Amino acid sequence: MIWFLGLGIGGLLLLVLSLVFDGVLEGLFDGLGGLDGLLSLPVVAGFLSALGFTGALVLGTTGTGTVAATGAGVLAGTGTGWVTWRFCRALLRDTTAPAPRGEDLTGSSGSVVTAVPADGYGEVLLYLGGQPVKYAAKASGPVPRGTEVWVESVLSATSVHVRPVER
């Protein structure tokens, strides 16, 4: 039973090490092409932990012997390793929307927070990716504070050209 508990604890320690050293030990099995992912540290750690703790549980409660406990542990470890592998694959395939860019502002609306003079810059509050962002704003004519505006073009990473919304 000590061997089984040692495997279970060793698997948990391996999992903690894989979380702490995030990817440092991951390249151990890179050369095994087809087994990539199946021999990742979380999968191996899950397999070892399930094998050890299930083996100890079967050995301690049923008294059927080491061979039966090992068989039950291997089955439980294989199942746990497979579930871990599938879960890791699902997480790695998870894609997000592309990050918002400044060009995405063209055509969006906002409001003037600092009046835009005819020959200079004011400030507008726009929403980029759902977040409020202040930009320097230039316009063809003066635009008073509080006016709703449309972004006609992006001049730079921090400035836009706007026009008042006509209703």
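Buried in helix 2 are Leu-41, Val-43, Ala-45, Gly-46, Ser-49, Ala-50, Leu-51, Gly-52, Gly-55, Ala-56 and Val-58, where buried means under 20% relative accessible area, exposed over 50% and partly exposed in between (1.4 Å probe, protein chains only). Helices (H or I, at least four residues) and strands (E, at least two) are DSSP runs, numbered from the N terminus. Keep in mind that this is a predicted model: local features need pLDDT of at least 70, side-chain atom pairs count only at pLDDT 80 or more, and totals for chains, interfaces and linings use all residues. Residues are numbered from 1 along each chain as its sequence is written, and side-chain values use heavy atoms, leaving out hydrogens and water.

So what covers the buried residues of helix 2? The cover includes helix 1 (2-20) and helix 3 (66-93), judged by contact, meaning heavy atoms within 4.5 Å. Helix 2 itself runs over residues 41-62, 22 residues in all, and spans 31 Å from first C-alpha to last, close to the expected 32 Å (1.5 Å times one less than its number of residues). After it comes Gly-63, with a positive phi near 65°.

Now for the charged pairs. The structure has two salt bridges, each a side-chain nitrogen of Lys or Arg within 4 Å of a carboxyl oxygen of Asp or Glu. One joins Glu-123 and Lys-134 at 3.4 Å, N to O, linking strand 2 (residues 122-128) to strand 3 (residues 131-139) across 11 residues. Glu-123 is partly exposed at 28%, while Lys-134 is exposed at 52%.

Arg-163 pairs with Glu-152, closest N and O atoms 3.5 Å apart. Arg-163 sits in strand 5 (residues 159-164) and Glu-152 in strand 4 (residues 148-154), so the pair ties together parts 11 residues apart in sequence.
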